[in-house]
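Subject: Structure for your review

Dear colleague,

Please find below the structure that I am handing over to you. My notes on its salt bridges follow.

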Amino acid sequence: MSWNPLPVARKHWFLAGTILLLLLALLGFQWVLPGLSVARQEPPRLEVVTASWLLRHSVPASAKAAKNPLGNRPDPAAIAAGHDLFVRKCASCHAYDGGGKSEMGAGEYPRPPALHALLPSLSDGEIFYHIRNGIRNTAMPAWNMPDDQIWRLVAYLRALPLVAPQLSGPIAPRQEAAVREAHYVGSATCRSCHQEIYARWAKTRMANVVRDPRQHPDAIIPDFSKPDALVKFKVSDIALVYGSHWKQRYFRKSGDTYTPFPVQWDITNRKWLPYHVPDKGGDWWARHYPDKGDNANRPTGPLCDGCHSVNYNIATKAVAEWNVGCEMCHGAGSAHVANPAMVNILNPARQGYVKANDTCIQCHSQGQPIRNPIRGQYYDWPVGYHAGLKLSDFWKLEDHKLGELSFTHFPDGTAHKNRMQGNDFVQSLMYARGVTCFSCHDPHGSGNEAMLRKPVTQVCLSCHGPNTQNGPHAETIEAHTHHLPGSPGSQCVACHMPKIAQTVGKVNVASHTFRFVMPAQSEKLGIPNACNACHKDKTAAWATAAIKGWADRSPWRADP
């Protein structure tokens, strides 16, 4: 038997390359240490070549030889499924066209590669291997997806070099221009081509915010046959019903608009509650619409309908469609219906994170139009804005003075009331890092709470995990939370999204700053904290002492 020196030589070259890369990394660290800007340093070419060589030779031969079971010509449905995965999991860093020039990718080191140029040199097996296992010393994570999903993603990536030339360039501006010139056609028009998405959306609360009880008798939740002293109207008096999850409100026709009855149904506690915003000390708009406590002078046109319909016309008081329809987020669709193409309908996922999030913040925030009053009336929604425009040109978020407890804010600026997810989110580190609302929520609907893309116990772990770059920096989730596995206290949202924003009565919804409020802040500033939200029989001082006893927590942060 003859001795083959090649495997030994490969090991020696691999070892030599590893040592060289380590030396380069050490030298690079010394070069950039004075500026502390590693993430913005372009590596020396030799380092790039060496790292690329090591990466290619780190994939086992068996994995490299693996073939996509979907074949050389995968079914278009498989490619479409891979496209959806790419948008949800890859585009934030690699950009929609695979060019790596995204809000997040631009700040990463090493930089995400231009996929349409790199992929032809990789086998299917290599692509699968890197998606499954991640790439060490980069921001590329290991994706824990079923094999069939990864192969669909590989199939889409194989098609990316073909579609990249169409995607490269200013796609979002072209889409924005197209919807500006188009007119609204209604969500039902989208159904014929987007059946699965339409079917999911049609079941969402956004598709059913406003319902006419004559068309939908089942929309009314409470039993009106049971008398209540607060309720002084009949089912036949109700023109529209708003809401189906936390609370339900009832509206009567008032000329060319609607006004709310002065009661609401608390769905959680199944009881009637008064509904009237005081002229002073409540929402800013209330003083401009004073009444006798019966809401008779509170029209929905300027106060509600801009967010509960598509394209509410303030001149004619007409809507293109009631509820949050497809065109609320994707823009007017007539050009797309006439010629279905990528460039003539807006996809918020292809926009930068600011405009993408504006699509949701337009309604999920408290604020005022930049110019108010408009045509003699004060509006509580961003008149003139539509998907694709810059929201800050039309809307300003509610002001807040730090240290002050107001109708809308806690002293630290966290939302005090509902419909302020946007006010919270823009303060968060996730927003600053380019995360979007639809990174976590599926606006087309899902079977999970709050239309989350994954169950609430899993969605955060899509990006976060024990000892990962994004944290938490602990061996296990339980080591980070100091609560038992599977317990409510070990859920990420329990501490980082406490339910402290009031929606109706004593029913609260989740905060979206993702900050952990220290119990000491509750004592000093009156801000609710997650610890005492669960441990109601304990004091804030007890919670502070408990946190200080955790060896992995800084005492300086526990008692600010």
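Asp-442 is buried, its relative accessible area being 11% (buried means under 20% relative accessible area, exposed over 50%, and partly exposed in between, with a 1.4 Å probe and protein chains only). Please note that this is a predicted model, in which local features need pLDDT of at least 70, side-chain atom pairs count only at pLDDT 80 or more, and totals for chains, interfaces and linings use all residues. Residues are numbered from 1 along each chain as its sequence is written, and side-chain values use heavy atoms, with hydrogens and water left out.

Asp-442 forms a salt bridge with Arg-453, with 3.7 Å between the closest N and O atoms (a salt bridge is a side-chain nitrogen of Lys or Arg within 4 Å of a carboxyl oxygen of Asp or Glu). Arg-453 is partly exposed, at 27% relative accessible area.

A salt bridge also joins the side chains of Arg-200 and Glu-196, at 2.6 Å from N to O. These two residues are four apart in helix H10 (residues 195-202), and therefore about one helical turn separates Arg-200 from Glu-196 (helices, H or I, of at least four residues and strands, E, of at least two are DSSP runs numbered from the N terminus). Both are partly exposed: Arg-200 has a relative accessible area of 26%, and Glu-196 one of 49%.

Glu-196, Arg-200, Asp-442 and Arg-453 are linked in a network of salt bridges. Across the whole structure, the search finds 16 salt bridges.

Yours sincerely
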